[in-house]
Amino acid sequence: MLQYQTLPVTPFQQNCSILWCDETKDAAIVDPGGDLPRLEAAVARLGVRLTQILLTHAHIDHAGGTAALAKARGLPIVGPHPGDQFWIDGLAEQSRMFGFPPAEAFVPTRWLADGDTVAVGRSVLAVRHCPGHTPGHVVFHSAEAKRAFVGDVLFAGSIGRTDFPGGDHATLIASITQRLWPMGDDTVFIPGHGPESSFGRERRSNPYVAGT
Ligand SMILES: [Zn+2]
Ligand SMILES: [Zn+2]
């Protein structure tokens with residue numbers, strides 16, 4: 001069964017999650033935006049073996065620590081979708097703009113597309129392409145654990161911003177209603193910022209998508 005622990009990192013309190021298979025102890029880190037020493041300490045404390053980096057999208061608070069961590073630990077970078085290439089290329093500029101430590105661009109070992117799967121030990125996550133916040137945003141879904149790691153697509157009580165280059169409100173709403181809702185009302189999601197919630201709860205009470 002898939003297990004996970006979430007640690008808010010960077011001044012933006014971005015929810016970086018460490019996922020692991022409790023049978024093999026193989027682990028993946030989703031969106032290592034920064035604060036790498038804290039993430040390394042958490043991995044050591046959990047006693048898991050980090051084997052890959054997964055990315056939902058390439059905004060600085062999600063992807064800023066990727067190149068450094070991949071280099072230091074020899075890890076493959078999986079994701080996001082190629083639509084985020086321009087955000088990856090702009091990481092150095094993003095870090096200057098938001099006052100983050102210098103971040104480097106990188107080349108993903110594997111780009112992701114809608115319908116792909118990613119294995120963490122014996123656990124399998126389904127990949128859904130959910131553009132709107134960024135063009136190449138993906139989410140990772142564990143049907144077995146009824147958990148979805150959704151980055152900045154959906155938050156408890158809110159949705160992702162769409163005023164950045166490549167953002168689009170209607171596309172984001174379509175991603176939420178056509179690709180997240182089918183995962184089921186009882187699926188708990190881990191957003192890129194803030195507390196967890198379930199899709200059922202958001203369908204009832206989130207003012208941006210209630211009743212959709
Ligand atoms: Zn973002
Ligand atoms: Zn974010």
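**View 1. The six-stranded open sheet.** Here 6 strands line up as S6-S7-S8-S9-S12-S13 in an open sheet with mixed pairing. Its edges are strand S6 (117-120) and strand S13 (197-198), each of which pairs on one side only. Two strands pair if DSSP finds at least two bridges between them; strands (E, at least two residues) and helices (H or I, at least four) are DSSP runs numbered from the N terminus. Inside the sheet, strand S7 (residues 123-129) runs antiparallel to S8, and 4 bridges join them. Look for Val-127, which sits opposite Phe-140 in S8.

A quick note that goes for every view: this is a predicted model, where local features need pLDDT of at least 70 and side-chain atom pairs count only at pLDDT 80 or more, while totals for chains, interfaces and linings use all residues. Residues are numbered from 1 along each chain as its sequence is written, and chains are lettered from A and ligands numbered from 1 in the order in which they are written.

**View 2. The whole chain, with its confidence.** The protein has 7 helices and 13 strands. Its radius of gyration is 16 Å, close to the 17 Å that the globule rule gives for 212 residues, so the protein is as compact as a globular protein of that length. (The radius is taken over C-alpha atoms, and the rule is 2.2 Å times the number of residues to the power 0.38.) The C-alpha trace spans about 45 × 40 × 30 Å along its principal axes. As for pLDDT, the predictor's confidence in each residue from 0 to 100, the average is 97, and 100% of the residues score at least 70. Among the elements, H5 has the lowest mean (96) and strand S8 (residues 138-142) the highest (99). From the UniProt record, an unreviewed entry, comes the annotation "domain: Metallo-beta-lactamase" over residues 13-193; such annotations use the numbering used here, have shortened feature names, and may be inferred rather than shown by experiment. That stretch is 26% helix and 28% strand, with its end C-alpha atoms 6 Å apart.

View 3. Strand S1 (residues 2-9) and strand S2 (residues 14-21) run antiparallel, joined by 8 bridges. Thr-10 has a phi near 70°, positive although the residue is not glycine. Gln-13, in the S1-S2 loop too, also has a positive phi, near 50°, and is likewise not glycine. Thr-10 counts as buried because it has 20 C-beta neighbours inside 10 Å, whereas Gln-13 is partly exposed, with 13 other C-beta atoms within 10 Å. The cut-offs: a residue is buried if 20 or more other C-beta atoms lie within 10 Å of its own, exposed if 12 or fewer, and partly exposed in between, with C-beta atoms placed from the backbone.

**View 4. The largest nonpolar core, around Ile-29.** This core has 52 residues, and those with the most contacts inside it are Ala-27, Ile-29 and Val-150. S2 gives the most to the core, with 5 residues. A nonpolar core means a set of buried Ala, Val, Leu, Ile, Met, Phe, Trp, Tyr and Cys residues joined through C-beta atoms within 7 Å. Leaving aside residues up to four places away in sequence, Ile-29 touches Cys-16, Ile-18, Leu-39, Leu-50 and Ile-53. Contact here means C-beta atoms, placed from the backbone, within 7 Å of each other. In soluble globular proteins, nonpolar side chains tend to be buried together.

**View 5. Helix H3 and what it packs against.** Helix H3 (residues 66-73) has Thr-66, Ala-67, Leu-69 and Ala-70 as its buried residues. These pack against helix H1 (36-46), strand S4 (49-54), helix H2 (60-63) and strand S5 (77-78). Just after H3 comes Gly-74, with a positive phi of about 60°.

**View 6. A cis proline and a glycine between helices.** The peptide bond from Gly-79 to Pro-80 is cis, with omega near -5°. Pro-80 lies in the loop between S5 and H4. Gly-90 is in the loop between helix H4 (85-89) and helix H5 (91-97). With 18 C-beta neighbours inside 10 Å, Gly-90 counts as partly exposed. Gly-90 is 30 residues from Ile-60 in sequence, and the two C-alpha atoms are 9.0 Å apart in space.

Key
Contact = placed C-beta atoms within 7 Å.
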